Amino acid sequence: MIKTSSCIFSFLVLICFLVVVAFGGTFDQEFDVTWGYGRVKILENGQLLTLSLDRSSGSGFKSKQQYMFAKIDMKIKLVPGNSAGTATTYYLSSVGSAHDEIDFEFLGNVTGEPYTLHTNVYAQGKGDREQQFYLWFDPTKDFHTYSILWNPRNIIFLVDGTPIRQYKNLEATNGIPYPKNQPMWLYSSLWNAEEWATRGGLVRTDWSKAPFIASYRNFNAQTSKNPIANSWLTQSLDNVGLARMKWVQKNYMIYNYCTDTKRFPQGFPHECTLN
């Protein structure tokens, strides 16, 4: 599904001589609570973390480490039942007005209706690269693995190992900005987004169902303090991976900025014809 290229380019030659570092400790070792203190619980000897949202506040956490290219995996079980108006976020981000960011956001819905999985990529402070999907399973019944593969070649979003989106590094050949110079932290949060999250804000949060709870397990990060020699650092999608991604996009994609003619009447962003 994912192919690995040999170390051809000079920057990849350097990669081949450096040492792999992997992070996969307990939640209390790997993360700090950033807000909503008392609403973040670390349980089962650090193997389970839960975020909660009530009318007063949501909650969130942030990695203690910064990552400069990484393969990040996290198992998440989303808010069950009537989750309308809630947003569960899971993303990499640097800081500042010219920040880079790689987003998973899970937008809740009324009972029986599907979550919307929202993805976006920011490079040098510019985002507006949204793609949205329904999932092919109920993400509230069990834990599922959501992965970000970010290397010098491309960004790949994966769900249970299935690629749903690829954003290629076209900066050198086409001048399209790509996140490549700024280390990023991993963040996650659960917050009240009822103004826009569900049907554009038409469906509001039912606070009688609070507290809303999202759960996390099995965090793992493959990265290093320097660029490294490991398969994920040169991975891109092979023909099988591309076919699986196209299947997801054909059957489960509900929005693609690259086909939104109302938003881009003068023509689509340049990467839309190249990615």
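Which residues of β12 lie on one side and which on the other, and are they buried or exposed?

**Entry 1: ground rules.** I am working with a predicted model, where local features need pLDDT of at least 70, side-chain atom pairs count only at pLDDT 80 or more, and totals for chains, interfaces and linings use all residues. Residues are numbered from 1 along each chain as its sequence is written, and side-chain values use heavy atoms, with hydrogens and water left out.

**Entry 2: strand β12.** I looked up β12, residues 144–150 (strands are DSSP E runs of at least two residues, numbered from the N terminus). On one side I found H144, Y146, I148 and W150, on the other T145, S147 and L149, and all are buried (under 20% relative accessible area, 1.4 Å probe, protein chains only; exposed is over 50%, partly exposed in between). In a regular strand, side chains alternate between the two faces of the sheet.

**Entry 3: its partners.** I then checked pairing, which takes at least two DSSP bridges between two strands. β7 (residues 70–77) runs antiparallel to β12 with seven bridges, and K71 sits opposite L149. β13 (residues 154–159) is also antiparallel to β12, through five bridges, with I148 facing F157. Three residues separate β12 and β13 in a hairpin.

**Entry 4: the annotated site.** The unreviewed UniProt entry marks E101 and E105 as "active site"; positions follow the numbering used here, feature names are shortened, and such annotations may be inferred rather than shown by experiment. E101 counts as buried because its relative accessibility is 13%; for E105 the value is 14%, so E105 counts as buried. Beyond four places in sequence, E101 has contacts (heavy atoms within 4.5 Å) that include Y91, N120 and M184.

Definitions and conventions. Helix = DSSP H or I, 4+ residues; strand = E, 2+ residues; numbered from the N terminus.
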